[in-house]
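Please read this briefing alongside the sequence and the 3D view, which are shown just below. The points after the view are grouped by topic.

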Amino acid sequence: MSRIWAGIDSGKGHHHGLALDTDGKTLLSRRVANDEPELLKLIGDVLDLADGRQVTWAIDMTGGEPALLLALLVNHGQEVLYIPGRLVNRASDGYRGEGKTDARDAYVIADQARMRRDLRPIRPGDEAVIELKLLTARRADLVEDRTRVVNCLRGTLLSMFPALERALDVTNTGPLRLLTGYQTPAAIRRAGVIRLTKWLANRKVRNARALAEAAVEAAERQHTAIPGEKTIAKLVHTLAEEVMALNEQISEVDKLIEGGFHEHELAEIVLSVPGIGAVLGAEFLAAVGGGLDEFDSPDALAAFAGVAPAPRDSGKVSGNLHRPVTYHRRLQRVFYTSALVSVRYDPNSRMFYDRKRAEGKKHVQAVLALARRRVNVIWALIRDRRCYEVTPPVTEAA
C-alpha cells in the first residue's frame with residue numbers, strides 16, 4: 001500500500017518536518033515555527049502531497065516541546081509513531097555525512113519509521129492520565145532537586161561541623177529544623193540540652209530531647225572554629241530551609257497525585273498489589289497510558305519496562321543476557337521499587353525472593369527476578385479486573 005512517512009525533529013521555537021515516499025525520496029522538507037497556524041499549514045501540505053495515501057508521522061518526543069503539534073495531529077486523526085531520541089542518534093551513524101542538522105535528524109526519523117516495525121504509536125490519553133503524567137514528572141523533578149540540595153547541605157555541614165553531620169539525618173524534618181536555628185558547635189553548647197529541647201518542642205519537633213542531646217554531644221566533641229564559620233553557618237541555614245521548602249512542595253504534589261490516582265478505574269486493582277502505593281501506582285498508570293491495551297502479553301509489558309533481559313549471543317556463546325538498552329526507566333523503577341518493598345510485607349514475594357537467593361542470585365538479581373514476576377501478576381489482574389489476594393504460602397505438616 002502506498003504511503004507517506006513524515007518525520008518531525010522537534011525543538012523549542014521551531015520544528016523541522018520532512019516527508020518521504022515509500023522509496024525514501026524526499027517530498028517535503030521545511031522548518032516551521034512552533035505556532036498553530038504554521039503547524040496546521042505543515043499538516044495540510046503533507047496531506048495534500050499524500051493525495052489520498054495514508055500518512056504516518058514519527059516524532060522523537062511524546063510531550064513538552066511538540067505538545068501542540070501532537071494535539072493537532074491527534075485532532076486530525078493522524079497516526080503518530082514515537083521513536084526515542086537515543087535510537088535516532090544511533091541510527092544516524094548509518095547515514096551518509098557526519099554533520100548534524102535538524103533536516104538530517106528529521107530525515108532519519110522519517111526513514112526509520114518507514115523501515116522499522118517495532119515503533120510504538122502515540123495514543124491520545126484521557127485527561128486523568130495526562131494529569132498523572134504531569135504530576136509525576138513534576139514530583140520527579142522536585143525529588144531530584146531535593147537530593148541535590150541535601151547532598152550540598154551534607155557537604156557544607158561536614159566542612160564546618162563533622163560530628164554534627166554524622167549525628168543528624170538531614171532528610172528528616174527535626175534535624176532540618178534544628179539547623180535553621182543552630183549551626184555551630186559554640187551556639188549549640190551555649191544553648192544546652194534543656195534550652196535546645198524547649199526550642200525544638202515549641203516548633204513541634206518529635207523526640208526533641210533525644211535530638212537536642214545528640215546535637216549537644218556532637219558540640220562537645222568540637223571546640224575549634226573553622227575558618228569562614230560564619231559564612232558556612234549561613235549557607236547551612238539557607239540550605240536547610242531549601243530542603244524543608246522542597247519537602248512541602250513534594251507533599252503538596254503527593255496529595256494531588258493521590259487524589260487523581262484514586263479517581264482512575266484501575267486504582268483499586270493497582271493498589272491491591274503489595275508494595276505499590278498511590279505514587280508508584282500513578283507512575284505506573286502514567287507510563288502505560290492508563291491501561292494495558294497496547295500490550296498483547298506480559299512479555300511485551302516486561303520488555304517495555306526493562307525487566308526482561310535481552311540476549312547477547314555470539315558464535316559459540318549462548319545464553320548471555322544483559323540489560324536492554326531501550327526501556328521505560330520510570331516504569332522499571334515502579335516494578336523494582338515495589339518488588340523491594342513487597343519482600344518485607346508479602347509472604348509470597350518473600351518466599352520467591354528467598355528461593356532466588358538460595359539459587360545463588362545476588363540481591364539485585366533476585367529483586368529483578370521478582371519484579372519480572374510481578375509484571376505477570378499485575379497484567380493478569382488488570383486483564384481479569386480483579387484485586388490481588390495474599391495467599392499464605394503452604395507449609396508442610398510436621
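**Briefing on the predicted model**

T22 is placed in the loop that runs between strands β2 and β3, and in this predicted model the residue is partly exposed, with a relative accessible area of 36%. Between T22 and H328 there are 306 residues in sequence, and their C-alpha atoms lie 30 Å apart in space.

**Sheet and the helix across it**

- Six strands form an open sheet with mixed pairing, in the order β3-β2-β1-β4-β5-β6, and its edges are β3 (26-33) and β6 (120-121), each of which pairs on one side only.
- Helix α2 (residues 67-75) lies across β1, β2 (14-20), β4 and β5 (79-82), and its direction makes an angle of about 160° with β4.

**Nonpolar cores**

- The largest nonpolar core comprises 80 residues, and F284, L301 and F335 are the ones with the most contacts inside it; helix α10 (residues 229-262) supplies the largest share of this core, 12 residues.
- Another core, lying apart from that one, has 20 residues, among them A6, V32, V46 and L72.
- When neighbours within four places in sequence are left aside, F335 is in contact with F284, L301, A305, V307, A371, R374, V375 and I378.

**Salt bridges**

- The structure holds 11 salt bridges, one of which joins R139 to D254, with the closest N and O atoms 2.5 Å apart.
- That pair links distant parts of the chain, since R139 belongs to helix α5 (residues 127-160) and D254 to helix α10, 115 residues apart; R139 is buried, because its relative accessible area of 16% falls under the 20% limit.
- R333 and E283 also meet through their side chains in a salt bridge, at 2.5 Å from N to O; R333 lies in helix α14 (residues 329-345) and E283 in helix α12 (residues 278-288), so this pair ties together parts that are 50 residues apart in sequence.
- A network of salt bridges links R30, K41 and D45.

**Surroundings of K356**

- K356 is placed in helix α15 (residues 347-358) and counts as buried, at 17% relative accessibility.
- The side chain of K356 meets that of E359 in a salt bridge (3.6 Å, N to O), and K356 also touches K361, A366 and A369, not counting residues up to four places away in sequence.

Definitions and conventions
Residues are numbered from 1 along each chain as its sequence is written. This is a predicted model: local features need pLDDT of at least 70, side-chain atom pairs count only at pLDDT 80 or more; totals for chains, interfaces and linings use all residues. Side-chain values use heavy atoms; hydrogens and water are left out. Two strands pair if DSSP finds at least two bridges between them. Helices (H or I, at least four residues) and strands (E, at least two) are DSSP runs, numbered from the N terminus. Contact means heavy atoms within 4.5 Å. Axes are lines fitted to C-alpha atoms, for helices over the stretch in contact, and angles run from 0 to 180 degrees between N-to-C directions. Buried means under 20% relative accessible area, exposed over 50%, partly exposed in between (1.4 Å probe, protein chains only). A nonpolar core is a set of buried Ala, Val, Leu, Ile, Met, Phe, Trp, Tyr and Cys residues joined through side-chain atoms within 4.5 Å. A salt bridge is a side-chain nitrogen of Lys or Arg within 4 Å of a carboxyl oxygen of Asp or Glu.
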